[in-house]
Amino acid sequence: MTYYNDHMVLQQGAGGAIVWGTSSNLSDTVQLVLNGHKVSEDVVTHSSTGIMTWIAKVVVIGDNYGPYTLAAKSGQGTRTLHDVMFGDVWICSGQSNMEFNMYGVTNHSAEFAEASNYSNVRIFKTKHTQSSVALHDFNDTPFLNWSVPVQATLGGFSAVCWLFGKQLSSQFKYPIGLIESNWGGTRIEWWSLASALSKCPHNGKSCSIIAILAIFRAIHNSDLWNAMMSPFTRNTIYGAFWYQGEANAGASTLYTCQFPEMINDWRQTFSSASLHTTSAEFQFGFVQLAPFRAGEESKGFPSLRWAQTAGYGKVPNAKMPNTFMSVALDLPDFSSPFGSIHPRFKHDVASRLALSALAVAYHKSGLEYQGPYLSDYQLTGHSLNIEYDQGRTPIRVNANTTNFEVCCSEALCDKNNGNWKPAPMTSQDVSSVTLNTIKCGHVTVAAVRYAWRESPCPFKQCAVYGRDTDLPGPPFYHSFL
């Protein structure tokens, strides 16, 4: 099994961590030995796919996180792993902004210099590969086997993944295992099981530029799940997070269904394959799409941002429990040498993601982990007052005249199309803003939307932030009809 190696992290906790392998000797007994003490054993049997496998569980609780020596002993011999740690294991997946590596961030030299302070954060990275059938193990050696972070190993590793894990390590002082499995320019369908895709009717149309380019790749639905995710499912993890969506911009309605269904299917599949040592409700984070092109009027990205929350505007929500997100719409990087679709500000992205994870995935109380979000409104004449978070969250307002828009219509307004007019702010209170809707004249104000642009503002200059957190309010749409 190519996943198991020196320096790896296994999931801590009373539920135990799965360790498994293959054998050519049916009915052989395999013993797991941790620091010289037998902790588990299993008999080699045929799996559902006919492969002779064994699967056992190691339980480590308390604060003795390692390092350990872990050995698997059988009639065929012994394989021993050294410097094995126990902590929390996270999978980092998606497309190119998750794949964007540490050499791309602006202060990578400083990050490499201090990596030795985070030797308990271990990293693993898969190669790009695909399969038409679900694999039980990788067909090839990984791009990076389990490693301690130094420049040689960290340079090609996901920046968002590393910076997220580094922040968790700073909080908890125990090992964090980071598994990077991603591929630039890939669609959500390629990372989803057929069982999830079948729940989301599809008309076969997609108008994203990236999606059109992707047609020329010989990748089909579920191919990346089969080759780059399925081999992990027997292993015990704490959670996963996702930076993807650019390749699905233009098909946001479908994504509203696909994303929650993919998450649910991953949870069920990981839990079942790992003998339920991975929770069937494991924590799942994601990055809401960052800006792309300056001045672009296309509504593909804003619609996709909305779809990433299943149309609720924020998470967790009824369709997406145990989820958390990093809002990145205020982090444009139009001069990025990697193209403006690849902003370099991964520290901000990871910091916001880790803060949300602490609140949602680790249940830290008292944290303000989300930017302000609409909770109530009042239309009076040509004024619209928007209240945030039931008045509980103080806000900070920037003089942005284009972020708020109202739709002037006697009928229901589409999120993207219709008679949308700018609604500049005229005043603010501790937790509310008032908008001028006079451009609707005598026509009904049918809806309001916020930051509904591909790139809605200059760097950290969107209209509404949390006063005490500097977290941006996420985009929203609300119909009054």
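**Entry: cavities**

By cavity I mean a set of points, on a 1 Å grid over the protein atoms alone, where a 1.4 Å probe fits but cannot get out; lining residues have an atom within 4 Å of a point. Grid points are joined across faces, edges and corners, and a volume is the space filled by probe spheres set on the points.

Before going on, I noted that this is a predicted model, where local features need pLDDT of at least 70 and side-chain atom pairs count only at pLDDT 80 or more, while totals for chains, interfaces and linings use all residues. I also noted that residues are numbered from 1 along each chain as its sequence is written, and that side-chain values use heavy atoms, with hydrogens and water left out.

**Entry: the largest cavity**

How much space lies in the largest cavity? I read about 120 Å³. Its lining has 13 residues, and Met325, Val327, Tyr369, Gln370 and Gly371 are the closest to the centre. The elements giving two or more residues to this lining are β14 (323-326) and α10 (346-360). Helices (H or I, at least four residues) and strands (E, at least two) are DSSP runs, numbered from the N terminus.

I sorted the lining by class and got seven nonpolar, four polar and two charged residues. Here Ala, Val, Leu, Ile, Met, Phe, Trp, Tyr, Cys and Pro count as nonpolar, Asp, Glu, Lys and Arg as charged, and the others, Gly among them, as polar.

I listed its lining as Tyr3, Leu10, Gln11, Ala17, Ile18, Asn235 and Thr236. At least two lining residues come from each of β1 (9-11) and β2 (13-22). By class I found four nonpolar, three polar and no charged residues.

**Entry: disulfides**

Counting bonded cysteines along the chain, the pattern is 1-2, 3-4, 5-7, 6-8, 9-10.

I looked at Cys92 and Cys161, whose sulfur atoms are 2.0 Å apart. Cys92 sits in strand β8 (residues 77-94) and Cys161 in helix α4 (residues 159-172), so this pair ties together parts 69 residues apart in sequence. Why is the disulfide right-handed? The torsion about the S-S bond of Cys92 and Cys161 is about 55°, so it has that hand. Cys92 is buried (under 20% relative accessible area; exposed is over 50%, partly exposed in between, with a 1.4 Å probe and protein chains only), at 0%. Cys161 is buried at 0% too.

Then came Cys407 and Cys413, with sulfur atoms 1.7 Å apart. Their S-S torsion is about -60°, so this disulfide is left-handed. Cys407 is buried at 0%, and Cys413 is buried at 6%.

My last pair was Cys408 and Cys440, 2.0 Å apart at the sulfur atoms. Cys408 belongs to strand β18 (residues 404-408) and Cys440 to the loop between β21 (432-436) and β22 (445-450), so the pair joins parts 32 residues apart in sequence. The link of Cys408 and Cys440 is left-handed, with -80° about the S-S bond.

Notes: A disulfide is a pair of cysteine sulfur atoms within 2.5 Å. On a 1 Å grid over the protein atoms alone, a cavity is a set of points where a 1.4 Å probe fits but cannot get out, and a pocket is an open set with protein on both sides within 12 Å along at least five of seven lines; lining residues have an atom within 4 Å of a point.
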